[in-house]
Amino acid sequence: MNALYDIIGVPFGYLMRLIYSFCNNYAVAIIIFTIVTKILLFPVSYKTQKGAARMQLLNPKLEKLKKSFANNPQRLQEEQQKLYQQEGVNPMGSCLPMFIQMFLLFGIIDVIYKPITHILNISKDVITKAVGIAAENSDIKGLNMKNLRCELLTMENLRDHGDKYASLGENFLSKVTEFNEKFTIFGANLGKTPTIHPDSWTKEAVILAAIPFLAGLAQMLVSVYSQIHQKKTNPAAQTGGGCMTVMTFGMPIISILFAFGLPAGIGFYWIWSSVFSFLITFALNCYFTPERITAINEKEKEKARIYAEKHPNKKTFMQKMMEQQAALDQQNGGSSASGKAKGISRSEQNKQNRDKLKEARRRMAEKYGDSYDDDDNDED
């Protein structure tokens, strides 16, 4: 996993170093870095939200199909597939953009967690030695290079044990000491871990303690807004209200607890990430009005029709999935699934099964030269 962070983090590291070279303050650099990465990921957000809006447009038709074929799952799947093809909608289409977004987030997180590597550009060998010194002079168990927070924790330890790092090369002590002074927001060092039980409630302690709560509130803002918007645009699809409430309020609380166990720089990044996510989501929801989505949907339907005409034998991803599912159902469901798909009653299905059993007995009797009496009294 660490290798994945390292690989994806390299290009974002160059970006963060460039931003920091201009503003010369880590807190400001985080804000600008978050804005730039959100802009880079905007096409992914746009495609994801467009797909969700188009699916909402189809929900009335999908609900109608569910009612019409409530007792015929196989037919329901077939009709849903036809609808998706006609509308040019891929219900799995939002998965790829979300995967890309999550993939890139590994790089963003790596940059936030490793400022010594990405901003100060100090070699891995020197950082490894520094982390080893921090492990010897702190009460953090298992502190090593595999710990994603190792650089932030080393920076925090260096403030109290600076003399221990004097022998390291590449001017490690002077560079990190100078960086620590700029690793601040309103005088509060973002390398320190927030606590609600400080030795004294100084200005720095108050700011640090506020960061986790602000991170939780910012995340709650996104969750509450998304839930309100979904209820407004598609009230019929709302199920499991209790689970949604837990997610809406439970996840921000968990974020707060996590932020109190991490250097404040992480919580500071979470705040701005949530704020800009909210702004982007709000802007896209305003852009995707019902009229605009209807127009977009018509264009996508036309594109799907033209593509189908040009590639009549090419199957879509959903078609392949449906065929695989149908084959699986046929193997596992046997005659019972077939009977349900055709709308056959339970008694009729039982009769079919008895007839097949009698036919099998008759063939076995013929094969071995035995007599066979087709007597209905054998039926269970």
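Predicted model: local features only at pLDDT ≥ 70, side-chain atom pairs only at ≥ 80, totals over all residues.

Biologist: What makes Glu 63 and Lys 66 a salt bridge?

Modeller: The closest N and O atoms of Glu 63 and Lys 66 are 3.8 Å apart, and the cut-off is within 4 Å, so the pair qualifies as a salt bridge. Both residues lie in helix 3 (residues 42-68), three residues apart, which is about one turn of the helix.

Biologist: How many salt bridges does the structure hold, and how do you know that Lys 114 and Asp 110 form one of them?

Modeller: The structure holds three salt bridges. For Lys 114 and Asp 110 the N to O distance is 3.1 Å, and because the limit is within 4 Å, their side chains count as meeting in a salt bridge.

Biologist: Are Lys 114 and Asp 110 buried or exposed?

Modeller: Lys 114 has a relative accessible area of 9% and Asp 110 one of 0%; buried means under 20%, so both residues are buried.

Biologist: What makes the pairing of Glu 178 with Lys 182 a salt bridge, and where do the two residues lie?

Modeller: Their side chains come to 3.4 Å, N to O, and since a salt bridge needs a distance within 4 Å, the pair meets the rule. Both lie in helix 9 (residues 172-182), four residues apart, about one turn of the helix. Glu 178, at 43%, is partly exposed, and Lys 182, at 22%, is partly exposed as well.

Biologist: Why can Phe 213 belong to a nonpolar surface patch?

Modeller: Phe 213 has a relative accessible area of 41%, and patch residues need over 30%, so Phe 213 passes that cut-off. Phe 213 lies in helix 10 (residues 203-233), and makes the patch of about 410 Å² together with Ile 196, Trp 201 and Val 206.

Biologist: Which residues line the largest cavity?

Modeller: The lining consists of Thr 37, Lys 38, Leu 41, Leu 105, Ile 108 and Tyr 269, with helix 2 (26-40) and helix 5 (95-113) each giving two or more residues. By class, the lining has four nonpolar, one polar and one charged residues.

Key
Residues numbered from 1 in each chain as written. Heavy atoms only, no water. Buried < 20%, exposed > 50% of the residue type's maximum accessible area, 1.4 Å probe, protein only. Patch = residues over 30% accessible without salt bridge, like charges linked within 9 Å, V, L, I, M, F, W, Y side chains within 5 Å. Areas by Shrake-Rupley, 256 points an atom, 1.4 Å probe, with all protein chains shown as cover. 1 Å grid on protein atoms, 1.4 Å probe; cavity = no way out; pocket = protein on both sides within 12 Å on 5 of 7 lines; lining within 4 Å. Nonpolar A, V, L, I, M, F, W, Y, C, P; charged D, E, K, R; others polar.
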